[in-house]
Amino acid sequence: MFVILLLAPLIIGSRFIKNDNEIFGLDTTQSLKGLFACFVLLHHLFPFYVHMFPSLETYKHLGFIAVSGFFMISGYGLTYGVIKRDGYLKGFIIKRMLPIVVSYYISALLYLFMFWYNHSLSPEQASIILTAKYYWFFFAILIFYLGFYFSFKIFPRKIAMLLSCFWIAAYIAYMSFRIASSPDINGFWLINSSLAFPFGIALSIYKDKIVKFIKKRYIIKLIVCSAVFAASFAGELLITEPRSLSRLTCELIASVSLCALITVLSVRFRLKSAVLEWFGKISFELYLMFAAFQAFFYNDQDDFGKSIIKIVLIIVCTVISAWIVRLVKNLIMQIVRKVCK
């Protein structure tokens, strides 16, 4: 019930429209990003409030699923830009990568101010924030974008796609080594959604062939993708050891099969929601600011009533501050682009 109340304002007004044109139009991708952002936020709420709101247990295992959606949309969108727009990669680092860094450090300054205001800012805490030590997604997306840029800047598309796959494979291998040598990393969340990015790249390059393939015996494709996703996700749920290779295998299959399922659905339907689209536009900033306000407001001594108030405050402050961070980021990027012309 609690989760339904949280999502109700977003679900109201959402609608599926029969898709007669292109898969993954801008309205669909932005709405999906908004929906995935909500799942990520609920996933991060889980450890703190599940003892009071058991329905949050549902989202314990959905973090990597939501991130998979983000990675797929990113890979698809970047490749679509290369295919459809001449000179798309010109100034790519400034246009696509620098805004991510700017958003992070604007949010980091707010984070530092909040800790200073709360009299809990230590040199160690400041170092953690300024180096983005616990923001793995921030580093992952920059690494993926960098590999994409050099691959598609230098080589033809199909070769670049293969090189991007090797780049992601190298990332997975390196992170696997880190996980194996670091007992404090409890799980494979650094890598279990990574394959979604090259999936999105391949989907964009072979879109016409893939759509044609899906349309033939559509229901069978839908059932197969649904079954594979359900089975692999069930395996992830049943294997309780977080560092088990069997669990990682299930997570990787679930990640890719979710991407396939979303692709199959998008052939017939478009998701359209003004609220979710707006959330999609600030999805990265939501991710950044949510952790700050969660740390600022949370107190394990709070009773049920205070917890409700704190959760509402966390969500409202996160949304407002994410919007502000995005506005400031856009102003800074306008200045940067003028200077770099």
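Is Lys 90 buried or exposed? I looked this up before anything else. Lys 90 counts as exposed, because its relative accessibility is 66%. The scale I used calls a residue buried under 20% relative accessible area, exposed over 50% and partly exposed in between, with a 1.4 Å probe and protein chains only.

Ground rules. The model is predicted, so I kept to local features with pLDDT of at least 70 and to side-chain atom pairs at pLDDT 80 or more, while totals for chains, interfaces and linings use all residues. Residues are numbered from 1 along each chain as its sequence is written, and side-chain values use heavy atoms, with hydrogens and water left out.

Entry on charge. I placed Lys 90 in the loop between helix H3 (63-84) and helix H4 (92-117). Helices (H or I, at least four residues) and strands (E, at least two) are DSSP runs, numbered from the N terminus. Lys 90 belongs to a patch of positive charge on the surface, together with Arg 85, Lys 95, Arg 96, Lys 153 and Arg 337. Patches take residues with over 30% relative accessible area and no salt bridge, joining like charges within 9 Å and nonpolar side chains (Val, Leu, Ile, Met, Phe, Trp, Tyr) within 5 Å. Lys and Arg count as positive and Asp and Glu as negative, with His and the chain ends not counted. I took the place of a charge as NZ of Lys, CZ of Arg, CG of Asp or CD of Glu.

Entry on H3. I found 22 residues in H3 and a reach of 32 Å from its first C-alpha to its last, close to the 32 Å expected. The expected span is 1.5 Å times one less than the number of residues. In H3, 18 of the 22 residues are buried, so the helix is largely enclosed by the rest of the structure.

Entry on the nonpolar patch. I noted a nonpolar surface patch with about 730 Å² of accessible area together, including Trp 278, Val 312, Trp 323 and Val 328. Areas come from the Shrake-Rupley method with a 1.4 Å probe, and for residues only the protein chains shown count as cover. Helix H14 (residues 304-340) gives the largest share, eight residues. Val 328 sits in helix H14 and is partly exposed at 32% relative accessibility.

Entry on positive phi. Ala 132 has a positive phi of about 55°; it lies in the loop between helix H5 (123-130) and helix H6 (136-154) and is buried at 0%. Arg 217 has phi near 55°, in the loop between helix H9 (207-215) and helix H10 (218-238), and is exposed at 68%.

Entry on salt bridges. I counted five salt bridges in the whole structure, each a side-chain nitrogen of Lys or Arg within 4 Å of a carboxyl oxygen of Asp or Glu. Arg 270 pairs with Asp 27, the closest N and O atoms being 2.8 Å apart. This pair links distant parts of the chain, 243 residues apart, with Arg 270 in strand E2 (residues 269-272) and Asp 27 in helix H2 (residues 26-49). Arg 270 is partly exposed at 22%, whereas Asp 27 is buried at 13%.

Glu 236 and Arg 247 meet at 2.8 Å, N to O. Glu 236 lies in helix H10 and Arg 247 in helix H11 (residues 245-268), so the pair ties together parts 11 residues apart in sequence. Both Glu 236 and Arg 247 are buried. I also noted that Glu 236, Arg 247 and Glu 251 are linked in a salt-bridge network.
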